[in-house]
Amino acid sequence: MTEPETTKRGDIIPPPEMVYDQGPQFKIDVADRLLRLPPYLFGRINALKMEKRRSGDDVIDLGMGNPSDPPQDWVIEKLAQTAEDLKSHGYSHSIGIPHLRREVAHKYSWKYGVQLDSEAEVVACLGSKEGFSHLCLALLGPGDTAIVPAPSFPIHVHALALASANVISLDVSDEKKFLRNIVYTCEQLYPKPKLLVVNFPHNPSSATVDSEFFVELIAIAKRFGFLIVHDFAYADIGFDGYQPPSILSVPGAKEIAVEFTTMSKGYNMAGWRVGFCAGNSEICRSLATIKGYYDYGMFLPVQVAAIMALRHGEDGVKEQSMIYQHRRDILCSALRRIGWEVETPRAGMFVWAKYPESWQQRMKSIDFAMFLLREANVAVSPGGAFGPVGEGYLRLALVENEHRLRQAVRQISRCLQQREPEEQETSLSE
Ligand SMILES: Cc1ncc(COP(=O)(O)O)c(C=O)c1O
């Protein structure tokens with residue numbers, strides 16, 4: 001038998017007889033639900049970022065909230081060690097092994113004083129995004145309406161659209177106004193909203209609340225009869241002594257609410273895909289049901305290592321928070337030095353910064369972000385990608401080290417000084 005021909009890298013080159021005639025061109029009609037999705041604004045930024053990297057540019061990437069620090073080494077060791085066990089490689093439980101769910105309940109108990117029945121009130125997910133999306137499918141359908149915070153973390157809108165629900169976005173920048181608008185919407189809308197999504201610390205704006213906010217929110221939800229899903233992705237990242245509150249710590253919350261947490265952020269395990277849904281048992285059951293049809297759960301070694309991280313990793317979580325706090329201080333003061341308006345976030349992984357008025361008047365946030373990437377080699381997320389109320393803002397993720405954060409601001413400053421807005425406008429349209 002002759003050896004197949006290969007490329008230099010070793011990929012097999014298909015023999016000529018395998019390059020089939022493709023026949024008539026079929027039109028692929030995708031389902032309407034895909035057409036309902038709004039345009040993905042990050043696509044343009046990501047494409048340019050890749051292109052620049054391929055051509056050798058050193059892009060300072062503050063675009064995605066993708067942690068660049070590693071998990072604790074002993075967590076990785078546990079993962080590797082469990083993977084050596086040949087019994088670890090079969091399908092697992094779609095809602096997570098009982099020990100993992102017990103460990104989550106234990107963390108809720110010591111960290112938030114919340115008692116959970118790990119059998120009925122905790123579901124493990126393939127990252128909180130998967131859990132959130134499938135929960136929307138489990139709870140909502142055509143004709144249902146959900147309220148989401150604006151600006152919006154994209155999946156909060158996309159998952160609802162994929163579930164065929166209607167979306168009402170309410171500005172979250174002022175918590176009192178947000179509550180008033182929820183009440184107003186519930187009073188005016190018929191049928192009433194079925195579900196409210198909240199997310200504090202908020203992505204992208206970094207808005208935070210104290211537990212009194214949740215007390216009021218639960219009372220409103222009970223009055224109007226809607227469910228609450230709290231995306232608590234930044235639970236582990238609080239600054240200057242601030243501990244983001246769990247909605248489940250409010251008495252009565254479990255009657256109507258669930259909360260998603262994740263190991264992606266505080267534990268630097270974003271690629272591992274470990275998240276949790278906890279709270280109301282009926283809602284958890286609905287998620288467990290739909291997940292049972294869709295997946296077989298996380299790889300067992302991931303679950304075992306996650307248990308160890310939850311059990312022994314709190315010091316690492318605190319250290320990581322301090323790292324973000326330090327980066328926040330550096331980035332906020334560097335931006336203020338060049339005249340930008342920024343609020344100091346007290347939690348999360350982002351600085352939500354207004355870019356200068358003179359540039360706002362001339363460029364939408366997506367164009368300004370593209371401009372910074374092209375000219376300053378700094379990738380940021382345009383506020384407009386999170387909905388219209390995000391216009392005029394950029395979201396900068398604290399995922400590069402201090403030196404590179406300072407460097408990023410220097411590069412932005414230099415680029416803006418060299419190109420006054422008028423001049424830039426002319427050259428962009430050339
Ligand atoms: C608010 C929010 N929710 C959920 C996620 C996704 O988390 P996970 O990695 O657990 O899917 C993110 C990630 O950026 C986020 O910012």
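A: A residue counts as near a molecule or strand if its C-beta atom, placed from the backbone, lies within 6 Å of it. The ligand is surrounded by 13 residues, the closest being Gly 127, Ser 128, Lys 129, Thr 262 and Ser 264. This is a predicted model, in which local features need pLDDT of at least 70 and side-chain atom pairs count only at pLDDT 80 or more, while totals for chains, interfaces and linings use all residues. Residue numbers start from 1 along each chain as its sequence is written.

The shell around the ligand holds 3 nonpolar, 8 polar and 2 charged residues. Here Ala, Val, Leu, Ile, Met, Phe, Trp, Tyr, Cys and Pro count as nonpolar, Asp, Glu, Lys and Arg as charged, and the others, Gly among them, as polar.

Helices and strands are named as follows: both are DSSP runs numbered from the N terminus, helices being H or I with at least four residues and strands E with at least two. Ser 128 and Lys 129 from the list of closest residues belong to helix α5, residues 128-139. This helix has 12 residues and reaches 16 Å from its first C-alpha to its last, close to the expected 16 Å; the expected span is 1.5 Å times one less than the number of residues.

Is α5 mostly covered or mostly open? It is mostly covered, with 9 of its 12 residues buried. A residue is buried if 20 or more other C-beta atoms lie within 10 Å of its own, exposed if 12 or fewer do, and partly exposed in between, with C-beta atoms placed from the backbone. The buried residues of α5 include Ser 128, Lys 129, Gly 131, Phe 132 and Leu 139.

Thr 262, also among the closest residues to the ligand, lies in strand β7, residues 257-262. β7 is mostly covered, and 6 of its 6 residues are buried. In a regular strand the side chains alternate between the two faces of the sheet. For β7, both faces are covered: Ala 257, Glu 259 and Thr 261 are buried on one side, and Val 258, Phe 260 and Thr 262 on the other.

β7 has neighbours on two sides within a sheet. That sheet is open, has 7 strands in the order β2-β8-β7-β6-β5-β3-β4, and its pairing is mixed. At the edges are β2 (122-125) and β4 (166-171), each of which pairs on one side only. Neighbouring strands are turned by 20° against each other on average, direction ignored; axes are lines fitted to C-alpha atoms, for helices over the stretch in contact, and angles run from 0 to 180 degrees between N-to-C directions.

Two strands are said to pair if DSSP finds at least two bridges between them. β7 pairs with β6 (residues 227-231) in the parallel sense over 4 bridges. In this pairing, His 230 has Glu 259 of β7 as its bridge partner, and Asp 231 stands opposite Phe 260. Towards β8 (residues 275-279), β7 runs antiparallel and is joined by 5 bridges. There, Glu 259 is partnered by Ala 278 of β8. Strands of a sheet pair through backbone hydrogen bonds, either parallel or antiparallel.

Most residues other than glycine have a negative phi, and most peptide bonds are trans. Asp 240 counts as exposed because it has 10 C-beta neighbours inside 10 Å.

Cis peptide bonds occur in two other loops. One runs from Ala 150 to Pro 151, with omega near 0°, and Pro 151 is placed in the loop between β3 (145-150) and α6 (154-162). Another joins Phe 200 and Pro 201, with omega about -5°; Pro 201 is found in the loop between β5 (195-198) and α8 (211-224).

For context, the protein chain contains 15 helices and 13 strands. Buried residues make up 45% of its 430 residues. Its C-alpha trace spans about 70 × 60 × 50 Å along the principal axes.
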